[in-house]
Structures are given as C-alpha cells and as structure tokens.
Amino acid sequence: MNRNNTAYKPNRESRLAVTSRSFSRNKTLRDAVLSIYPNTKFNDEGIILKKRQLIEFLDGQDMAIIALETINEEVIRELPELKIISKYGVGIDMIDLNALYAYKVYLGWQGGVNKRSVSELVIALIINLLRNIPKVNDDLSSNNWNQLVGCQLTGKTVGIIGLGHIGKDLVKLLQPFRCKVIANDILSFSEFCDAYNVEQVDLTHLLQASDVISIHVPLDNSTKLMIGESELSLMKTDALLINTARGNIVDEAALKSTLIEKKISGAAFDVFALEPPNDLEFLKISNFIVTPHIGGSTIEAILAMGHAAISGLTNAKIALPENFT
C-alpha cells in the first residue's frame with residue numbers, strides 16, 4: 001500500500017484509534033476527539049496493548065493516539081494504512097523514530113504538557129522521604145506512636161539531572177524552599193540558570209554535592225543506565241534519589257544493593273525498567289517509596305496531554321529526532 005503520507009490531512013472521515021486507557025476513560029477527551037473525528041475507537045476494555053494485540057487494535061486505522069505502548073518496526077510494518085501517530089504524554093522512548101521515518105508515518109508530539117504534574121509529585125516524594133511519612137504512617141496504623149525526627153527541604157542542595165521542561169519547572173517550585181540548586185545537562189541554559197540562581201555542573205560534582213537528586217532526562221542510548229553502581233557510590237550517605245523520568249536510567253540492581261546496605265538515605269521511584277515491576281523484595285525496602293507511574297496522572301495533566309495529542313494529529317511532523325526535542 002502507498003506509504004506516501006506527505007499530503008495526508010486528517011478529516012472527519014479519518015479512522016482514529018486511541019490506545020490510552022486514561023484517555024479512553026475521560027469523557028471530556030472522548031467528546032473532544034469525537035467532535036472532530038467521529039470514526040474513533042477507544043480502548044474501552046482497558047487492556048495494556050502489546051505486540052499482536054496492539055497491531056490488531058490499530059489495524060485499518062489512519063491515525064493513532066498512543067501512550068506507553070511500544071511502537072517499533074514490527075508494529076509499523078504490519079500497519080500499512082497508518083499515517084499519523086500522536087503521543088499522549090511526553091516520553092517518546094517507546095517509539096522507534098527510524099521506523100516511523102522509513103515507513104513515512106508522521107508523529108505528533110508536544111513537550112512539557114505534564115510538567116507541573118510531575119514536578120509536584122517530585123516535591124511530594126522528597127518531603128515524604130525527608131519526614132519519614134510512610135514509616136510513621138505504618139507505625140501509627142499499627143498503634144505505634146513513634147515520633148521519628150526528619151529533615152526539612154529548606155536549605156538543602158538539590159541536584160537536577162536534565163534541565164528540560166520538567167527540570168526547569170522543578171527549579172521554580174523549589175524557589176520558596178531556598179534550596180541551592182545545581183543541574184547537569186548536555187545543553188547550556190545560561191539565561192534560565194542566571195534568572196533562577198542555578199549552577200550547571202558536571203555529573204560527578206552533582207552526585208557528590210547534592211542532598212537530593214532528581215532525574216529528568218529522556219531514556220535513550222546516552223542515558224540508559226547512566227546511574228549505576230559507581231555513580232551511586234559518589235552520593236552522600238544521607239542523600240536521596242528521585243526518579244520520575246523513565247526506568248532503565250538507573251541500574252535497579254545496583255540501587256537495590258545500595259538501599260539495603262544504607263549507602264544512601266533513601267530513594268523514590270515512579271518509573272521502572274519493567275512496568276509493573278515484579279521484584280517485591282526491591283519494592284518493599286524500607287527506605288524506598290514507590291508509585292505506579294503516576295507522574296502525569298492528575299486531572300489537569302490528563303486533559304492537557306489529551307488535548308495536545310488531539311492537536312498533534314494535525315500538527316504532526318516527519319519523524320526526525322531534531323523535531324522532537
């Protein structure tokens with residue numbers, strides 16, 4: 001079938017499939033997309049679509065709104081009618097851009113649409129760790145009045161790995177806490193850093209100097225397992241590690257050992273290499289807070305991501321990496 005989609009323009013006859021479960025459950029987003037594309041099918045069964053199920057769900061569709069589903073060459077090859085994919089959310093590590101480019105499938109994407117939802121979760125996780133909230137909650141629910149002494153976030157040195165949309169938003173949320181903020185990024189953001197008193201440093205310095213480290217880089221070949229045993233060993237023994245970005249950026253086996261041996265004070269993860277994770281011993285470590293990839297799971301973020309995904313169907317671009325940074 002002809003894959004020359006350069007002239008394709010979505011219209012009311014376009015066939016659209018929405019794989020996202022949260023989008024499909026949201027009446028506001030359903031009504032919004034149906035008013036433009038009445039031939040839309042939704043993931044009403046709430047299935048996590050993988051491989052063959054994903055291909056079958058998207059078969060015969062002109063366009064797709066996808067979330068965390070893996071879109072690789074195998075999937076694209078078997079969907080000759082698919083012309084546009086729009087991303088519900090911001091991470092595109094699950095999408096093979098080379099395959100999209102090879103098969104002339106365009107990609108709709110907008111960065112930063114869930115930044116406040118994620119950055120607020122980071123603040124919540126940090127304070128929960130600093131004040132031992134999970135521990136004292138469990139103690140009190142077991143009738144154990146244990147007034148553990150915690151720490152304040154105010155005045156701490158916070159290291160941010162990745163100064164993109166979410167990293168910058170986190171900087172802004174940290175301002176009232178009068179933290180010293182240091183950041184590491186492959187790009188220079190001198191104007192932003194000057195405005196918010198942020199010092200850009202190398203990764204080694206950030207790991208050694210930070211009381212709290214929060215990760216906000218995309219997952220790609222340059223960031224996969226960028227925080228391993230040697231990097232964890234550089235952290236202070238009373239430091240905290242937060243990851244709301246992507247699994248596989250941190251070596252989970254190395255982190256597990258580090259937490260068990262109390263080489264750092266604690267960690268909080270919203271993302272994992274395998275989701276849902278199946279290492280219950282890892283998840284139950286006492287100084288480890290875990291959440292089930294809820295960084296973008298707020299009412300406000302769901303609507304923002306959904307409307308951005310709908311707009312992405314008409315604003316889609318050729319799948320080149322430089323178009324999605």
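This is a predicted model: local features need pLDDT of at least 70, side-chain atom pairs count only at pLDDT 80 or more; totals for chains, interfaces and linings use all residues.
Residues are numbered from 1 along each chain as its sequence is written, and side-chain values use heavy atoms, with hydrogens and water left out.

Me: How many aromatic pairs does the structure hold?
Reply: There are 5 aromatic pairs. Rings of Phe, Tyr and Trp (its six-membered ring) pair if their centres lie within 6.5 Å; planes under 30 degrees apart count as stacked, over 60 as edge-to-face and the rest as tilted.

Me: Why is the pair of Phe23 and Tyr88 called edge-to-face?
Reply: The ring centres of Phe23 and Tyr88 are 5.6 Å apart and the planes stand at 80°, so the pair is edge-to-face. Phe23 belongs to helix α1 (residues 21-25) and Tyr88 to the loop between β4 (84-87) and α5 (97-102), 65 residues apart. Here helices (H or I, at least four residues) and strands (E, at least two) are DSSP runs, numbered from the N terminus.

Me: What makes the pair of Phe192 and Tyr196 tilted?
Reply: The planes of Phe192 and Tyr196 form an angle of 35°, with 4.8 Å centre to centre, and the pair is tilted. Both residues lie in helix α9 (residues 190-196), about one turn of the helix apart.

Me: Why is Phe192 called buried, and why is Tyr196 called partly exposed?
Reply: Buried means under 20% relative accessible area, exposed over 50%, partly exposed in between (1.4 Å probe, protein chains only). Phe192 has a relative accessible area of 14%, so Phe192 is buried. Tyr196 has 27%, so Tyr196 is partly exposed.

Me: How do you know that Lys168 lies over the face of Phe189?
Reply: A charge sits over a ring if NZ of Lys or CZ of Arg is within 6 Å of the ring centre and within 35 degrees of the ring normal. Lys168 lies over the face of Phe189 at 3.5 Å from the ring centre. Lys168 also lies over the face of Phe192, at 5.7 Å from the ring centre.
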